[in-house]
Amino acid sequence: MLAALFVAMGVGFLMGVVVERSLIRPVRRRSENAVLIIGLGLFIALNGADGWIWGPADKVFPQLLPHATSDYLLVGGARLQYDTIGIFLGLVLVVGLLNVLFNWTSLGLQMRAVATNPESSSLSGVNVGRVLALSWGISAAVGSFAGVLLVPVLPPNQLDLGQFFPILIFASAAALFGGLDSIMGAVVGGLGIGIAESLLSGYVTILGGQLQLGVALIIIVVVLLWKPTGLFGTRRIERV
Amino acid sequence: MTIPSVNGEETEDGASVVVGQPTRATRIGMSALPYTIRRKSVAHVVLIVAGLAAGVGLILWGGSFGQFNQGQLTLVLSYAIAISGLNIATGYTGMISVGHSAFFGLGAYTTGILVVNYGWNALATIPIALLVCFAAGVIVGLPALKIRGLYLAVVTLAAGVTFPELVDRFAGLTGGSQGLLISLTQLKPPDWSGFTIGQEGEWLYWLSVVLLIIVMVIVHNIVQSRYGLAMMAVRDNELAASASGVNITVLKPITFGVSSAIAGVGGCLFAIYLGSLVADDSFTLLTAVTLLTGLVIGGQGTRFGPIIGGLVVVYVPYYTSSIGQGESSAVLFGVALILVIFLAPEGLMGGIARLASKALVVIPATPQPFSPAARSSSVDSTLASNAPPHDPSIGTAPD
Amino acid sequence: MSTPGSAAQIPLAPNGPGQVPLLELRALRAGYGAANVLHGIDLSVDPDEVVVVLGANGAGKTTLLRAIASLIPHIGDICVDGQVVARSRPDDMLRRGVGLVPQGRGTLSELSVRDNLRVGAVSRASGREVAADIERWYEVFPQLGKRRGQTAGTLSGGEQQMLAIARAMMARPRLLMCDEISMGLAPLIVTELFGVLRQLNKESGTALLLVEQNAELALDIASRVYLLEVGSIAASGDAATFRSNDAIRRAYLGYLLRGTDHGGDFSRSFVLRDYIRIHLCARRDGAGHRLSQFLDYKLCPGRVRVVLLFRRMVAEH
């Protein structure tokens, strides 16, 4: 089971590198919108291809973590499901590794340099193309890892074509909310919204139970109005 | 002094290093391509008339279809109108919206609610839907003042996601997840239209055609005006546009409002056509992505692109539903989106236009010189004698 | 005034006997898209040399350095150590020993000062040597040492320029190219920077290719000078000849240097450049002729009065 996980992450890594090389690199210079549409196109095509190759019906998915309703930890009257704890630990692991990558390795330094000023980095000896390809590869591998963890937890607890669209929405919104250049932002943003949205939906009755996603996104919009480049994102100074 | 001429060389990223010696345009008698036609000349008028005739022919052909196919066309037209609306915000002003399904749905539900709950005539609901969607659009567009780019897409995402949830929340008004049903009697064609009961389909088809034409004329006028120029300036370089005097504070929300209003009109038609509104089926985020897909494939920033977009969005899934277990249309759309960005950023319409311009180009009319004899004041003669020798190439900056 | 394009005749200082130039450019052309900026440049830099390229705005100085650093494509030969370098990437050129301090400093503004220096050293293997180098640069530029943890974008212009030089030098290039490092900086800081550059050249033997608008300080440490005018080398020679030749100075450098080591009269006043020339190259007219025009702007001392001398030339294809 664990081996399959690593294979999945490996495949994800390769896909990320290939996508960056072939699809993103030529278009990066043009505009943000172009990259967004390519991303959208990629999602639609790959999701459809999944259905085409493996059929659109739901599939049973092996459970990595104990998931029965009786598997929980009682903490001060609240039930912490084991699988939730497991996912949380996974999150801590990923964030920890990424932090080490960015702050303690040469590759991480090069990635941060390229994010700030690709031309200057290139002049300093950084192979910008390779750094970009690797970053996409890592990003895709983390995505694969997240997918494997999430599928058993989200309804319908099985492999279903339709569940990936909301994941895309939540992930994008959380990333943008936290600020595109901050890992901490993504974590804090994602967690913060989830908690705020649950609390609001539970305790503020006018909203009823149906406005969950909407409330989450409206919170994001309000915060973006306050910080237009995300909670922890750095302000970009543009030159005309 | 001569400027040394060199051979041109193409580099791997397509940038040309040096311009080669300019070659004379090939002129083989009168059969040189591309043909050029001057505006306001006879040939130009003939071209326009031919185009109009072709358009009318297509419309009449559609009018002769059977009920099902005509219904499909009506669907195409209502999507085309919605995509036209999206085109104004995304194609011409550069504000990407992944939430236009909300305005599409808002228009639809406005019509639905007014007809079902208040007994309004379906046609009369359209202006109301227009106003409601405009207001909603302005509200959603307000954050665009502070937020830009991908972050703005999140705002539109909020609209697109919240709409179906709001519909469910106010189920008393909207029928919630059961849906809103508009009975056929309420959709009876008005007497002045010449159609009777039983001809709702035809009535709706012609209504859609007329509305699409009106929308396209409006869009054309907006784009050709100074306002349109301002929109495109904002799309290409917002800071420069703002520094050049474009009032971004007014332009962005208003443009978004106009865009939403037009999308709402498309929604009204959709409601009348379908007769049954279920937000979770027809006005979800997936719809918003579909609209965006249609716009990009059809052609952002072009006038006829939305029509192609509507055709693509309706017919591609229909004809490919049997291939690939129903998922082939998704794969096709995804691949098409990527191909469009690479090969033809202005969509199918842009690609067609580019190919057509290899054969035929319409160039501006010859400016009429004013005759010096017509003016006799001394000022003019002084000007005439002091002017430097006329040379049309002076002051032309190199590209 | 000499006719446009003719180079003043200055004896070219010969290269050292049998020395392979560190950098050599042969018939280099480069530009941006359809705009051709450099029209065939021949230039060379020997190891240990300090070469200065002077020129007005728009002459093509920055384009020259960017072409050498492989940031933009070029036609013609760029040779390092006598070997022609095919189109490569900037990090590739750095590996061959050619580093660039770009115009505008190219600060990695979101990284700390220390990280900026670490980035400069990515092409090197030994971590300990890199750390030692960083410490040494903190000594050369104490302002950087004081702010080693600070975000680089918050540094002043002069400090960013110091950081840019240090960052470029972290890779230990054999040839350091500097693009207008004096631009926008106070004279005191510029003097300090040029002092560091001279020290660099003398102590570690780093060759320098400096591009400057402001000639005075650069000429002090130069061994050879090229004058770039509208994309071509208008004059070249050794620095001493340049400094002492009155006609050259008056014609090209635009101002007269103070000092007692220059023979002849010299004025006490500081005169702006005599003239600047703008070259417009228009596309073909209806008859297929390519038109070019030179606009000469003459500046009178004292007041800034611009008299437009307008000349138009037609070139046969």
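A residue here is buried if 20 or more other C-beta atoms lie within 10 Å of its own, exposed if 12 or fewer, and partly exposed in between, with C-beta atoms placed from the backbone. Welcome to a predicted model, in which local features need pLDDT of at least 70, side-chain atom pairs count only at pLDDT 80 or more, and totals for chains, interfaces and linings use all residues. Residues are numbered from 1 along each chain as its sequence is written, while chains are lettered from A and ligands numbered from 1 in the order in which they are written.

**Chain B overall**
- Chain B holds 16 helices and four strands, taken as DSSP runs (helices H or I, at least four residues; strands E, at least two) numbered from the N terminus.
- Of its 399 residues, 41% are buried.
- Contacts are pairs of residues whose C-beta atoms, placed from the backbone, lie within 7 Å.
- Among chain B contacts between residues at least 6 apart in sequence, 75% join residues at least 24 apart.

**Helix α13(B)**
- Helix α13 of chain B (residues 305-319) has 15 residues and should span 21 Å at 1.5 Å a residue, which agrees with the 21 Å between its end C-alpha atoms; the expected span is 1.5 Å times one less than the number of residues.
- Buried residues of α13(B) include G305(B), P306(B), I307(B) and V314(B).
- The buried residues of α13(B) pack against α2 (67-92), α12 (285-298) and α15 (347-359) of chain B.

**Where the chains meet**
- Chain A puts 39 residues in contact with 39 residues of chain B.
- On the chain A side, α2(A) gives the largest share, 16 residues.

Notes
Contact = placed C-beta atoms within 7 Å.
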